[in-house]
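Grab a pencil and let's work through a few exercises on helix packing and a ligand site. Try each task yourself before you read its solution.

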Amino acid sequence: MVLRRIAEPINDLFFIRTFFKKEKWQFVRKIGSGSYGTAYLIQDPSGKQLYILKRLNFHKLKSNQARAGFQIETQLLSELSDVAFPALVQKGSLNGTPYFIMEYKAGKTFEQLIFAEGKVFSEHESFTITARLLSKLAGLHQMGIVHRDLRIPNVLADGERLSIIDFGLARKLGQEEEGIEADNPRKRVHFTSDLYSLGHFLLFLLYSGYQPSMKKERTWEEELELFPDSKRIIKKLLMSDVPYSSSMEALADINKQIKKYWE
Ligand SMILES: Nc1ncnc2c1ncn2[C@@H]1O[C@H](COP(=O)(O)OP(=O)(O)OP(=O)(O)O)[C@@H](O)[C@H]1O
């Protein structure tokens, strides 16, 4: 662990130096380091277009599982063609470290909007955003891809435009692997895991305007004042009621709700 703390920044510096000496891209800044990968903001030589460079972390280089996961993320990004997802621009390996470059998606994450900016989403806005997100998810599901990490830091809003990022946990249906927590509804390689996460995403939006009126913590159903149909939809997404049989069915139900109450 101590060795990793020293080795990682040295290797990082070496990677950056070598990469940007060899490649046409320009370094802007490092933007994050997760358990598997490290991401950098970069730009093309004209300086007009931003991109994201992501590499596998050095201490994961010997892990077959991590390498396979990185390879899957790269492959899935190369298959995506909707503007809501970052397209793969380049892939390669530098001194044995796999990396890829993808489109930079502009905007603020819903985590930033809610927690840093204090943005409040109405019930109508929350369901409209969820429906727009769901139509993108349905497209993924039609391709047999499950995102499996749909959370407020992984969804960006740039005005009306929504983008879903971080395909690090995404898998193709049937791509179950050892160690997957099959009991965890977020982690199953099945479309219901994205619907389940979308239910939580929707709750974050709905809670953005919530002011606790009593000390005792209650369930979301008790705390949030919502139309009965809204509660019914959330329960189906969270699978505490009969779950939806597909993302298209969920989308149709949410669109019906939007029409019924807000149009
Ligand atoms: N295509 C993209 N466009 C814009 N920002 C991105 C893009 N991909 C990632 N980011 C941002 O880069 C940072 C790091 O992204 P990364 O995908 O490595 O996620 P992470 O959650 O930090 O790590 P991990 O998922 O590996 O634990 C995050 O702040 C994320 O918002």
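**Exercise 1.** Work out how helix α7 (residues 228-237) and helix α8 (residues 247-262) are oriented to each other.

Step 1: Helices here are DSSP runs (H or I, at least four residues), numbered from the N terminus. The axes of α7 and α8 come within 10 Å and cross at roughly 165°; axes are lines fitted to C-alpha atoms over the stretch in contact, and angles run from 0 to 180 degrees between N-to-C directions.

Step 2: That crossing makes α7 roughly antiparallel to α8, a label for angles over 145 degrees.

Step 3: Who touches whom (heavy atoms within 4.5 Å)? Among the contact residues are Ile 233 and Leu 237 of α7, and Ile 254 and Trp 262 of α8.

This is a predicted model, where local features need pLDDT of at least 70, side-chain atom pairs need 80 or more, and totals for chains, interfaces and linings use all residues. Residues are numbered from 1 along each chain as its sequence is written, and side-chain values use heavy atoms, without hydrogens and water.

**Exercise 2.** Do likewise for helix α4 (residues 123-142) and helix α5 (residues 191-207).

Step 1: Their axes are 10 Å apart, at an angle of about 160°.

Step 2: So α4 and α5 are roughly antiparallel too.

**Exercise 3.** Find which atoms of Lys 54, Glu 103 and Asp 166 pair up with the ligand.

Step 1: Look for polar contacts, meaning N or O pairs within 3.5 Å.

Step 2: Ligand oxygen atoms sit 3.0 Å from a side-chain N or O of Lys 54 and 2.8 Å from one of Asp 166.

Step 3: With Glu 103, a polar backbone atom is 3.0 Å from a ligand nitrogen.

How values were computed:
Helix = DSSP H or I, 4+ residues; strand = E, 2+ residues; numbered from the N terminus. Parallel < 35°, antiparallel > 145°, perpendicular 65-115°, else oblique. Contact = heavy atoms within 4.5 Å. Polar contact = N/O pair within 3.5 Å; in protein donor to acceptor, adjacent residues only side chain to side chain.
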